[in-house]
Amino acid sequence: MSNDTVYRLLPEAILIVVAALIYVVGAFFQARRVWAWVAVAALGLSAVALFMQSAGGNVTIGDDGPAPATTQVTSAGTLALDAGGRIDALGQYVRWLSLVVGLVLVLQSSRPDEDVQEPEMIGTLVLAVSGAMLAATTRDLVLLFLGIELISIPTYVLLYLGRRDAASPEAAAKYFFLSILSSALTLYGFSFLYGIGGSTDLAAVKSALASQPDDPTGLTSLAVIALVLLFAGIGFKITAVPFHFYAPDVYQATTNGNAGVLAVLPKIAGFVVLVRIVAAAMPGMENYGWRIVLVIAVLTMTLGNVLGLWQDNIRRLLAYSSIAHSGYMLIGLAVGLAAAAGGSQAATFDGIGALFFYLAVYALATAGTFAALTYLGGQGKQVDTVDELAGLARSNPLTAVFLAVFLFSLMGIPPLAGFWGKFGIFGSALNFDEGGLADPQVRNWFLILAVIGVLNATIAAGYYLRVIAAIYFRPAQSTPQSAGGNGAAFAAGLCALLVVLVGLVPTPLVGQSSEAGVALHSKESATVQRAANDRTVDDKLVTADATPAG
Amino acid sequence: MSTSLLIAVFLPLAGAALIWVLAEAGREFARRAALAVSLITLALVAGIVRQFDPAAPAGVDWSWFSSEPIDIRFSLALDGLSLWFFGLSALLTVTCVLVSWEAIDDRAPAFYSLLLLLETGLLGVFTARDIILFYVFFEFTLIPLFFLIGIWGSEDRRYAAIKFFLFTLGGSLLTFLGLVAIVLWNRYYVEPHVMTFSIETLQRNLSEHPISFYPQLLLFLALFAGFAIKVPLFPLHTWLPLAHTQAPTAGSVILAGVLLKIGGYGFLRFNLPMLPEATAACIPWLLWLSVAGIVYGALLALAQTNIKKLIAYSSVSHLGFCMLGTFALNKPSLYGGVLQMINHGLSTGGLFAIVGMIYERYHTREIADLGGLARRLPLLATFMALFTMSSIGLPGMNGFAGEFLILLGMFQRGYAEAPLVYAGQWLAIAVLAVSGVVLGAWYMLWLFERVFFHRLREPVHHEGPPIRDMSPREVLALAPLLVFVFWIGLFPQHFLAPMEKDLDQVLAVTVPPFNQRFQEIKERPVAETDVAAGDVEKASEREAVRPAAPVPDRDMNSVLPARGEVARVE
């Protein structure tokens with residue numbers, strides 16, 4: 001059976017092996033650009049492995065028969081599998097997303113500053129990507145934590161490698177200590193989950209909680225503690241208020257490239273872990289969960305957007321923007337949880353699916369923005385302030401267009417990808433009611449949430465427009481070097497293309513993301529017996545699996 | 001026709017892409033290509049408008065965004081409501097290209113491609129038959145105009161561009177929530193519980209199964225936020241004069257001419273037919289806001305020292321008229337309101353173009369700097385005089401047809417149709433609106449007198465070509481507008497007739513709840529009112545054209561002019 005596990009984790013394994021190779025050989029052979037190409041090749045190889053998995057799948061269990069999954073799940077160890085024995089749609093979706101984002105990040109780092117040790121930097125990036133992928137594939141607490149740490153620890157290294165000035169070590173140290181703290185909180189939360197389930201398998205946690213519904217003195221009380229600790233720990237990764245405050249300082253003090261890594265990879269992993277645990281493995285906790293998430297969502301987006309208005313440093317501004325976007329994504333989670341609490345399946349999927357669609361859209365636009373900024377920098381000097389972007393439309397029109405595309409997409413202006421992200425998120429908040437199924441009071445909360453969301457989107461437009469106005473309307477003050485390398489330019493172009501394409505033809509990505517949302521709840525049919533409800537979900541899943549992910 | 005519709009909408013987009021890609025070819029190529037593209041588009045649009053048949057609107061309908069249960073369609077078609085807005089967009093784009101011919105020197109290829117991009121957006125807004133597709137185009141128009149104002153505008157352009165963008169975005173995001181909520185309501189509360197985004201289906205479903213009152217009111221307010229800012233209605237107008245004065249000439253022309261109309265169009269397309277009860281409840285407020293805009297805009301226009309600002313405030317005033325007509329909710333006023341939106345596009349578009357021509361010659365827009373231009377620029381003065389007359393509503397020109405119908409409708413409300421409690425209020429609104437006409441004549445004629453009469457006074461201009469009267473290009477830019485100014489003025493029925501079916505449909509849905517609401521107040525305890533109102537709804541479904549009303553004698557429908565009578569009124 002362990003062979004199966006290795007096969008399923010092949011895409012991650014490839015990346016880890018190549019990263020190790022880069023570390024070891026790179027010490028002797030410091031060729032500048034070669035390692036970036038090796039990393040790109042590794043990502044490509046990993047993509048091939050991933051594609052073969054989603055197309056074929058080695059374990060064939062009769063798709064029609066009732067999934068005899070109890071044995072299946074234990075034997076396959078601890079991966080998040082669907083009824084067909086493959087990594088489930090959510091896992092596949094996030095793995096593809098991580099690979100694409102990883103490609104962008106590696107490309108943009110293909111020509112960093114002279115004093116940066118190239119091979120190590122590329123190797124750590126590849127490791128971090130594999131961490132995000134690993135976190136998406138598993139249903140086991142230990143592996144989930146491993147995935148998160150596989151992002152965190154390389155990030156510490158990246159921050160130190162980034163640049164050599166006084167602010168940089170400070171930022172790295174700040175990030176390091178806070179990240180350790182958040183890891184500790186997460187682990188502490190995990191330990192409660194372990195106590196509840198008696199196993200590190202989330203399926204066990206889930207069945208334990210499901211067997212004791214609403215017992216305020218028993219497991220539920222432990223689960224509440226676990227929930228709060230998880231939000232605190234993961235909240236750091238996804239820069240949710242009040243665990244956001246490191247982000248602006250750290251982004252500002254590091255390079256544009258590193259800020260891109262920080263803004264994207266931890267969020268992908270953070271959201272997938274949060275959803276895997278809170279939305280899928282803690283039945284009966286949704287009623288606590290959605291209230292917490294709703295409050296955090298409102299605070300996160302409002303604070304991020306309002307503080308973003310006053311920033312002159314471009315990375316600080318984008319840090320607040322990334323905080324705000326986490327807030328929007330949390331709306332999706334809140335909707336999912338509240339709908340699950342109300343027993344409505346459809347909106348659960350709607351909310352969670354919208355979250356993952358938004359995650360992809362956000363990741364593309366943000367990674368693209370940082371790639372474009374990296375490109376605009378050069379040897380020893382990078383773009384720091386909004387003012388430096390003034391007049392970019394003349395000096396570098398193509399990059400200016402890329403940046404405009406990203407910023408308009410983050411703003412949510414159609415026909416760019418960001419619009420459909422907002423459509424999904426706000427639509428799910430409105431859809432929550434499901435025609436009067438929900439408690440009217442809860443419904444009103446979500447109506448208010450949607451209104452706060454759109455008001456926030458307006459506030460956000462204020463600072464994005466300021467950047468665009470600088471690029472297009474102001475005369476140049478200093479011309480950026482535009483010496484960040486062709487890799488970064490290509491990465492930015494790739495992201496811009498994807499943002500426009502997803503905006504014009506949203507259906508494929510939306511299909512994948514909503515399958516990812518559905519997949520989350522399919523496993524329960526394999527482990528917990530909730531027969532009647534889940535039959536339909538299973539059916540959906542079988543048809544969904546007929547088409548390859550990605 | 002469906003193919004030509006598709007081509008007409010996306011040809012400007014293709015042209016924009018071409019000009020952008022061939023930016024190296026320079027200004028000469030860019031402006032010629034833009035002119036060619038906009039002329040071909042205009043020809044296509046003219047063909048479509050000529051062949052338009054209200055009974056059988058043709059269009060395309062493809063699946064665009066489908067993810068169970070969401071099915072957003074890429075569906076374009078014209079109907080009577082959008083017909084003239086569609087034509088106006090294509091017409092004014094040609095004018096915009098021509099007036100920018102010499103004025104735009106810096107980064108001309110980018111300018112023309114944005115202008116054409118904007119045209120695609122506008123043509124798309126008016127043809128979209130899917131609620132989300134509408135919103136996509138609606139929002140998309142912000143981007144090109146944002147750049148047009150911000151890059152090629154006057155001194156304060158950055159602030160104006162950002163304010164314009166934020167105001168409209170803020171409102172339209174709430175509109176977006178409202179639109180999605182309408183779709184969801186239809187899905188959950190209306191048989192057969194499907195999620196449809198088709199405007200037509202939604203309109204039909206919601207008029208058969210109205211949304212309950214309080215949600216409807218909320219939805220109305222959400223949609224109102226976006227559309228009222230776009231129009232702009234009185235307290236939400238502050239972005240408009242700024243955007244107008246800072247925008248380049250072409251930007252002002254298209255902004256005043258078409259973009260503001262999207263707000264009115266939105267009210268007609270969504271608020272009135274989909275949310276009739278809420279509309280009825282809000283009518284007094286809406287009328288007061290409209291008339292406040294009329295008077296306030298006119299008074300501010302009187303106080304301006306800058307020609308462009310004056311015309312911008314006159315826009316606020318005139319759009320108040322359009323909205324007054326729309327919300328007075330009887331046949332003459334609604335017809336007049338829509339007609340007046342077209343009229344305003346023609347006459348104010350022309351006026352802004354003339355201001356641009358003056359600016360090109362003298363580099364000033366201050367009234368005090370200018371005088372006696374009629375001697376120097378007789379042709380320009382003639383055009384200005386004609387557009388001024390059109391703007392103040394001289395009989396025989398388009399402004400008269402619109403304003404007359406609006407005021408007729410409003411007085412009809414006050415005299416004949418209102419229960420006594422409301423008669424005074426509505427008469428007061430009508431009288432105030434008339435004062436707007438008077439003030440309009442005052443500030444426009446006064447402007448004309450100060451700039452074109454008296455002793456010749458020109459600012460000293462150091463270099464540049466000597467001052468010449470209008471070139472053939474400039475004449476060509478304005479002459480087509482004048483043709484329509486007179487055409488509408490003399491034969492308004494040509495323009496009203498194609499709209500009849502769709503406007504009457506709007507009335508058929510919106511008037512019964514209005515009657516019911518205000519009739520109830522008039523004779524509250526009488527039980528038969530409710531029965532009668534129910535009859536009205538049924539009758540109006542059967543016979544959409546003219547809501548026959550078996551309601552007691554003073555019901556307003558009996559006073560409505562019959563089909564064709566509107567034209568005779570002229």
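This is a predicted model: local features need pLDDT of at least 70, side-chain atom pairs count only at pLDDT 80 or more; totals for chains, interfaces and linings use all residues.
**Helices within and between two chains**

Helix α18 of chain A and helix α7 of chain B cross with a right-handed sense.

From α18(A) come A:Phe426, A:Gly427, A:Leu430 and A:Asn431, and they meet B:Leu177, B:Val180, B:Ala181 and B:Leu184 of α7(B). By class, the residues of this contact are 6 nonpolar and 2 polar, with no charged residue.

The wider contact between the chains may now be considered. In total, 28 residues of chain B are in contact with 26 residues of chain A. On the side of chain B that touches chain A, at least two residues each are supplied by β1, α5 (131-140), α6 (142-152) and α7 (157-189). The side of chain B that touches chain A has 21 nonpolar, 4 polar and 3 charged residues.

Chain A itself has 22 helices and 0 strands. It has 550 residues, of which 63% count as buried. Among its contacts between residues at least 6 apart in sequence, 81% join residues at least 24 apart.

A:Tyr464 lies in helix α19 of chain A, which spans residues 440-473. Is A:Tyr464 buried or exposed? There are 23 other C-beta atoms within 10 Å of its own, so A:Tyr464 is buried, the cut-off being 20 or more. Apart from neighbours within four places in sequence, A:Tyr464 is in contact with A:Leu407, A:Leu410 and A:Met411. A:Gly260 stands 204 residues from A:Tyr464 along the chain, and the C-alpha atoms of the two are separated by 17 Å.

Chain B also contains strands. Strand β1(B), residues 59-67, and strand β2(B), residues 70-77, run antiparallel and are joined by 8 bridges. They form a hairpin with 2 residues between the strands, and B:Ser67 stands opposite B:Ile70 of β2(B). Strand β1(B) is also among the elements that supply residues to the side touching chain A.

Helix α10(B), residues 239-246, packs with helix α13(B), residues 307-328, at an angle of about 140 degrees, with the axes 9 Å apart. These helices are therefore oblique to each other, because only an angle over 145 degrees would count as roughly antiparallel. The crossing of α10(B) and α13(B) is right-handed. In this contact, B:Leu240, B:Pro241, B:His244 and B:Thr245 of α10(B) meet B:Lys308, B:Lys309, B:Ala312, B:Tyr313, B:Ser315 and B:Val316 of α13(B). The residues of the contact comprise 5 nonpolar, 3 polar and 2 charged.

Definitions and conventions. Residues are numbered from 1 along each chain as its sequence is written. Chains are lettered from A and ligands numbered from 1 in the order in which they are written. Two strands pair if DSSP finds at least two bridges between them. Helices (H or I, at least four residues) and strands (E, at least two) are DSSP runs, numbered from the N terminus. Axes are lines fitted to C-alpha atoms, for helices over the stretch in contact, and angles run from 0 to 180 degrees between N-to-C directions. Angles under 35 degrees count as roughly parallel, over 145 as roughly antiparallel, 65 to 115 as roughly perpendicular and the rest as oblique. A crossing is left-handed if the near helix is turned anticlockwise from the far one by less than a right angle, and right-handed if clockwise. Two residues are in contact if their C-beta atoms, placed from the backbone, lie within 7 Å. Ala, Val, Leu, Ile, Met, Phe, Trp, Tyr, Cys and Pro count as nonpolar, Asp, Glu, Lys and Arg as charged, and the others, Gly among them, as polar. A residue is buried if 20 or more other C-beta atoms lie within 10 Å of its own, exposed if 12 or fewer, and partly exposed in between; C-beta atoms are placed from the backbone.
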